[in-house]
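Please consult the sequence and the structure alongside the text.

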Amino acid sequence: MSEITIEGVRHLYKPARGKPVLALDDVSLEIAPREFIALLGPSGCGKSTLLYMIGGFLPVETGSIRVNGKKVEGPGPERGIVFQHFALFPWKTVKQNVLYGLERQALQRGEREARAQTFIDMVGLSGFEDAYPSQLSGGMKQRAAIARTLAIDPRILLMDEPFGALDAQTRHLMQDELLGIWRRSPKTVIFVTHDVQEAVYLAGRVAVMSARPGKIMDIVDIGLDKSDPDLQRSKAFADKVDQLWRLVRDEAIKAQQGRRPL
């Protein structure tokens, strides 16, 4: 049974100046409860656009997106989003940032404080509750952003290239942390990336998107043991990376060609 149903979605950007741009065209996808699925494709293929439509931040003008049978018409508490560039309030401490979403819920102050601390501990930021974003590394900022989103307990976690701005070492550590969090607190995760290895390492299924206008070209079942510490050095992992790269390679070339001036 699907938790999220996307049917025939099309999205046309209409800038104030210049020609309209077709970002998505006839996108359909079914996502099961507690599934970890990656949206993989070249830059500019509409991955983030689709994610924001699922989140209710962009309107669905053609086609439909439903969550548990209910049409998406705007943001909702069952859907939490983590952005690439942290989106923390710079004037608030780590704990104040995490508390922000909880302050809109009908919880007693003590319960809010305890819940915030639980998720600060979960993402490994114990001892940094009173630190401001300017005092944190990139990885720590993203941990705080994830804690803030998880604290409101969304059933669905939408992640827009959340590790794209991090260095390679921190990115790998955050990938491991995310898988650990997902195992401890299973949620439906939709993870946007253009990194083939990241998609294979994190997701159970990967939806491969074409160059703009974005369409779902293929859906690949990964079927690997994510608890294997040697997974990324295995032949099975390399084979899946090669399979996905073959699918996305030509689309990446098309996307690059589409950006060249005429």
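## Basis of the model

The model is predicted, so that local features need pLDDT of at least 70 and side-chain atom pairs count only at pLDDT 80 or more, whereas totals for chains, interfaces and linings use all residues. Residues are numbered from 1 along each chain as its sequence is written, and side-chain values use heavy atoms, with hydrogens and water left out.

Helices (H or I, at least four residues) and strands (E, at least two) are DSSP runs numbered from the N terminus.

Four strands form an open sheet in the order 2-1-4-5, with antiparallel pairing; two strands pair if DSSP finds at least two bridges between them. Strand 2 (21-31) and strand 5 (70-71) are at the edges with a single partner strand each, so one side of each has no neighbour in the sheet.

Strand 1 (residues 4-13) runs antiparallel to strand 2 and is joined to it by 7 bridges. Tyr-13 has Val-21 of strand 2 as its bridge partner.

## Helix 2 and helix 3

The axes of these two helices come within 9 Å and cross at roughly 120°. Axes are lines fitted to C-alpha atoms, for helices over the stretch in contact, and angles run from 0 to 180 degrees between N-to-C directions. Helix 2 is therefore oblique to helix 3 (under 35 degrees is roughly parallel, over 145 roughly antiparallel, 65 to 115 roughly perpendicular, and the rest oblique). On the helix 2 side, the contact (heavy atoms within 4.5 Å) involves residues including Val-94, Val-98 and Leu-102, and on the helix 3 side residues including Arg-112, Ala-116 and Ile-120.

## Helix 4

Helix 4 (residues 138-151) has 14 residues and reaches 20 Å from its first C-alpha to its last, close to the 20 Å expected at 1.5 Å a residue; the expected span is 1.5 Å times one less than the number of residues. Because 12 of the 14 residues are buried, helix 4 is largely enclosed by the rest of the structure. Buried means under 20% relative accessible area, exposed over 50%, and partly exposed in between (1.4 Å probe, protein chains only).

Among the elements covering these buried residues are strand 6 (79-82), helix 3 (109-122) and helix 5 (168-184). Just after helix 4, Asp-153 takes a positive phi of about 55°.

## Leu-125

Leu-125 lies in the loop between helix 3 and helix 4. This residue, Leu-125, is buried, with a relative accessible area of 1%. Leaving aside neighbours within four places in sequence, Leu-125 is in contact with Val-94, Ile-120, Met-140, Arg-143 and Ala-144.
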